[in-house]
Amino acid sequence: MLRNSRWRIAIPFVLLIAVVTGGLAYYFSRSTCLAAEGCAVRAVLVAGVLVAIGVVVLSWVVTERSVRSIREVTEVARRITEGDMRARVLPRRSDDVGELILAFNRMVESLREEMDSLIEDHQQFGTVLDHMVDGVLITDSMSYVDLVNPAACRLLHISETEAMGRSFASVVRHHQLIDLWQRCQEQGHEQLEAVEIGQDLFLQAVVTPFQQKGAPGYLVILQDLTQVRRLQTMRRDFISNLSHELRSPLASLRAVIETLVDGAMEDPPAATRFLGRAEREVDTMTQMVDELTELSQIESGQIRLRLAPTPVCDLVNTPLERLRPQAERSDLTIQVKIPDDLPDVIVDRERIQQVVTNLLHNAIKFTPPGGRIKITASLTDMEDGPGHGVLVEVSDTGVGIPKADLPRIFERFYKLDRARTRGRGGTGLGLAIARHIVQAHNSQLWATSKEGKGSTFYFTLPVATIE
């Protein structure tokens with residue numbers, strides 16, 4: 001390779017020397033110049049001038065060819081530095097410089113492939129971080145935050161701009177998380193701890209040490225377990241409540257059986273009374289099992305709704321007629337206000353009647369004698385557009401619901417009387433079933449209340465047609 005380059009540079013100079021030498025030889029061989037000293041001097045001077053001019057010209061030509069290639073490589077290198085990985089040098093020569101250009105192009109192509117691969121990996125990594133449910137932070141050895149993902153910003157209620165470059169303590173603002181990071185720094189291995197932040201957030205924090213650029217770094221992962229904990233609490237409460245609800249009728253049945261065994265069977269009136277009590281307790285447990293089964297089937301989607309256009313008044317009148325005698329015995333007034341021009345709703349008639357029955361029964365049960373219950377219906381806006389729903393309200397002037405209890409009234413077995421007494425009946429499943437039935441119709445059920453002033457339950461239903 002070097003030999004080719006040297007010959008390409010040397011040959012023009014050799015030719016120049018050969019031409020000048022040949023010219024001198026010819027000039028000196030002339031008879032007129034052999035004995036003239038001045039002629040020889042002039043010939044040498046002319047030859048020297050010609051050699052100098054030839055060397056300058058040839059040097060410029062050779063240098064220009066080499067420098068042109070170097071300038072092209074330099075320009076392409078500058079463009080690549082600025083990010084133009086598509087820039088290339090066109091090989092115009094087949095000598096060593098041409099092979100250098102080919103090698104340079106191959107190197108740039110390999111570098112471009114590596115860069116593309118790194119960019120793709122970085123984009124994938126960024127996508128994973130951006131869409132992770134878990135919060136991720138990376139800190140340096142001095143606890144300053146080098147990286148934070150959107151999930152961590154959401155959990156910690158801080159923006160990425162505010163978090164970057166700040167200390168871990170000022171970002172998380174919670175002593176347990178700070179202590180966990182410090183323990184990881186001191187002990188040098190992964191630390192894990194469950195952390196409760198306020199009343200609304202329960203996190204599992206994992207701090208893992210690693211090496212970055214020869215210095216220690218720390219990866220912090222924040223897993224939001226609030227929903228999991230809430231479900232675990234609900235499951236625990238459900239088992240506790242179910243066992244509590246079954247304990248009362250079972251204890252009553254046991255007492256009845258023991259009384260009958262101890263001799264009450266010999267007293268027919270007493271036996272009849274105790275057997276009637278046992279029957280009522282069995283009916284209570286049967287109702288509880290049936291409602292649990294129904295609730296489970298509704299939640300799992302095993303019950304299919306038989307949807308059909310239905311007048312709103314049909315959904316209210318049947319439950320009203322069924323419960324009116326109970327309301328009259330309690331000296332309650334029931335008012336119904338349903339406009340005649342309301343459009344039909346597309347519902348499962350029996351299921352929505354079950355919802356109205358439950359709400360009306362609760363209103364009767366928790367309203368003192370002389371109170372008033374009101375059922376109204378009107379057009380309302382739903383998510384799919386204005387005028388696409390009917391809002392049904394069941395309000396009473398009863399005892400009301402405490403503010404602390406209002407968010408939990410739709411939970412299974414939840415009762416306002418903390419001791420779970422049976423003085424006002426019910427299994428505590430009616431509102432849970434009602435909520436799931438309404439939600440199965442792509443609608444919502446909610447309540448407002450003021451303790452001692454009464455309660456109002458609302459639910460929406462989709463209309464069948466709009467005139």
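In which helix is A169 found?

Modeller: A169 is found in helix α7, which covers residues 168-172. Helices (H or I, at least four residues) and strands (E, at least two) are DSSP runs, numbered from the N terminus. This is a predicted model, in which local features need pLDDT of at least 70 and side-chain atom pairs count only at pLDDT 80 or more, while totals for chains, interfaces and linings use all residues. Residues are numbered from 1 along each chain as its sequence is written, and side-chain values use heavy atoms, with hydrogens and water left out.

With a relative accessible area of 34%, A169 is partly exposed; buried means under 20% relative accessible area, exposed over 50%, and partly exposed in between, with a 1.4 Å probe and protein chains only. A169 and Y144 are 25 residues apart along the chain, and their C-alpha atoms are separated by 8.8 Å. S143 belongs to the loop between β1 (135-139) and β2 (145-148). S143 is buried at a relative accessible area of 14%, and its phi is positive, near 75°, in a residue other than glycine. R173, in the loop between α7 and α8 (175-187), is not a glycine either, yet has a positive phi of about 55°. R173 has 49% relative accessibility and counts as partly exposed.

Next, the aromatic residues. F168, W181 and Y218 form one aromatic cluster. Rings of Phe, Tyr and Trp (its six-membered ring) pair if their centres lie within 6.5 Å; planes under 30 degrees apart count as stacked, over 60 as edge-to-face and the rest as tilted. By this rule there are four aromatic pairs. The rings of W446 and Y458 make a stacked pair, because their centres are 5.4 Å apart and their planes lie at 15°. W446 is in strand β11 (residues 445-450) and Y458 in strand β12 (residues 454-462), so this pair ties together parts that are twelve residues apart in sequence. W446 is partly exposed at 35% relative accessibility, whereas Y458 is buried at 17%. A ring also takes part in another kind of arrangement: the charged end of R229 sits over the ring of F202, 4.3 Å from its centre. The criterion is that NZ of Lys or CZ of Arg is within 6 Å of the ring centre and within 35 degrees of the ring normal.

Helix packing comes next. Helix α11 (residues 312-329) packs against helix α12 (residues 349-365) at an angle of about 35°, with the axes 8 Å apart. Axes are lines fitted to C-alpha atoms, for helices over the stretch in contact, and angles run from 0 to 180 degrees between N-to-C directions. The crossing of α11 and α12 is right-handed; that is the case if the near helix is turned clockwise from the far one by less than a right angle, and anticlockwise gives left-handed. From α11, residues including L315, L320 and L323 meet residues of α12, among them I352, V356 and L360. The contact of α11 with α12 is made up of ten nonpolar, five polar and three charged residues. Here Ala, Val, Leu, Ile, Met, Phe, Trp, Tyr, Cys and Pro count as nonpolar, Asp, Glu, Lys and Arg as charged, and the others, Gly among them, as polar.

α12 also packs with helix α13 (residues 430-440), at an angle of about 145° and with the axes 9 Å apart. This crossing is left-handed. Residues of α12 such as R351, V355 and L359 meet residues of α13, including L431, I433 and I437. Eight nonpolar, four polar and one charged residue make up the contact of α12 with α13.

R351 lies in α12 and is buried at 17% relative accessibility. Leaving aside neighbours within four places in sequence, R351 is in contact (heavy atoms within 4.5 Å) with E294, I298, I303, L305, I437 and H441.

Eight of the eleven residues of α13 are buried, so α13 is largely enclosed by the rest of the structure. Among the buried residues of α13 are A432, H436 and V438. Just after α13, N442 takes a positive phi of about 60°.

For the whole chain, there are 13 helices and twelve strands, and buried residues make up 34% of the 467 residues.
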